Amino acid sequence: KTIKVKTDKGTELTAEFSSGIKWIKCDGNISEMKTKWSNLPDGEVFTCPEKINGTAIVDGSLGDYLGKKYGVLEKNPIKLTIENSKIINVECKNKELENELKEYILQDENANKIGEFAVGTNIGLKKIVGNLLQDEKFPSVHIAAGSPYPDETGAKWDSKAHCDFVITKTTITIDGEEIMAKGKFIKEILN
């Protein structure tokens with residue numbers, strides 16, 4: 001029902017989920033995906049949150065065209081302030097990136113709404129490389145502003161935007177049970 005995400009850099013997010021919205025498992029099992037594409041390497045679970053609030057310090061990488069343009073954000077993180085599932089403020093030392101992202105999330109009425117909440121599960125990945133299709137699988141959390149992939153999740157809204165934000169070294173607590181500490185899955189939970 002509730003997932004809390006924290007990092008030492010200042011991320012503090014609380015997300016609530018609806019049983020009416022599906023979680024999607026992306027495990028790279030192509031034999032089950034006869035009519036769907038899949039990214040390789042794969043490894044994530046995602047859904048559309050019912051509600052999300054807090055602060056996200058994005059120090060991994062970005063989606064859409066912004067990822068290729070700005071690369072790894074470790075030395076130049078973005079601070080997102082989220083209220084009632086909408087990004088209400090963007091801050092970054094790189095003012096060009098800040099302004100471009102502010103413009104991006106205003107392209108339609110839902111472009112600033114968090115449409116995706118995901119946990120990367122590929123423990124074989126060792127570092128963020130600046131390629132979102134790989135970085136979003138890194139053991140961490142990523143959120144996305146814009147489309148919740150309604151055909152897959154069952155969300156009742158959409159957007160032409162979809163920009164992912166990878167947050168690294170996350171501590172994840174699900175309904176009071178910690179499953180990840182500073183980017184490492186807790187072994188007892190996996191077994």
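**Figure 1. Helix 2 and what covers it.** In helix 2 (residues 95–104), the buried residues are Leu97, Glu98, Glu100, Leu101 and Tyr104. Buried here means under 20% relative accessible area, with exposed over 50% and partly exposed in between (1.4 Å probe, protein chains only). Helices (H or I, at least four residues) and strands (E, at least two) are DSSP runs, numbered from the N terminus. This is a predicted model, where local features need pLDDT of at least 70, side-chain atom pairs count only at pLDDT 80 or more, and totals for chains, interfaces and linings use all residues. Residues are numbered from 1 along each chain as its sequence is written, and side-chain values use heavy atoms, with hydrogens and water left out. The cover over the buried residues of helix 2 includes helix 1 (64–70), strand 6 (78–83), strand 7 (86–92) and strand 10; contact means heavy atoms within 4.5 Å.

Figure 2. Look for the strand order 3-4-8-9-10, with antiparallel pairing. Strand 3 (24–26) and strand 10 (162–167) sit at the edges with a single partner strand each, so one side of each has no neighbour in the sheet. From one strand to the next, the twist averages 20°; axes are lines fitted to C-alpha atoms, for helices over the stretch in contact, and angles run from 0 to 180 degrees between N-to-C directions.

**Figure 3. Strand 9 and its two partners.** Five antiparallel bridges link strand 8 (residues 114–120) to strand 9 (residues 141–146), and six link strand 9 to strand 10, again antiparallel. Two strands pair if DSSP finds at least two bridges between them. Opposite isoleucine 114 you'll find alanine 145 of strand 9, and alanine 118 has histidine 142 as its bridge partner there. Alanine 145 also has a bridge partner in strand 10, cysteine 163. Strand 9 is mostly covered, with six of its six residues buried.

**Figure 4. Phenylalanine 165 and the nonpolar cores.** The largest nonpolar core holds 37 residues, and Phe165 is among those with the most contacts inside it, along with Ile78, Leu80, Ile87, Leu101, Phe117 and Ile143. Such a core is a set of buried Ala, Val, Leu, Ile, Met, Phe, Trp, Tyr and Cys residues joined through side-chain atoms within 4.5 Å. Setting aside neighbours within four places in sequence, phenylalanine 165 touches residues including Val58, Leu62, Leu80, Leu101 and Ile143. There's also a second, separate core of five residues, among them Leu125, Ile128, Phe138 and Val166.

**Figure 5. Asparagine 131 in its loop.** Asparagine 131 belongs to the loop between strand 8 and helix 3 (132–135). Asparagine 131 is partly exposed, at a relative accessible area of 42%. A polar atom of its side chain lies 3.1 Å from the backbone nitrogen of leucine 133. The C-alpha atoms of asparagine 131 and glycine 60 are 9.8 Å apart, although 71 residues separate the two along the chain.

Methods. Polar contact = N/O pair within 3.5 Å; in protein donor to acceptor, adjacent residues only side chain to side chain.
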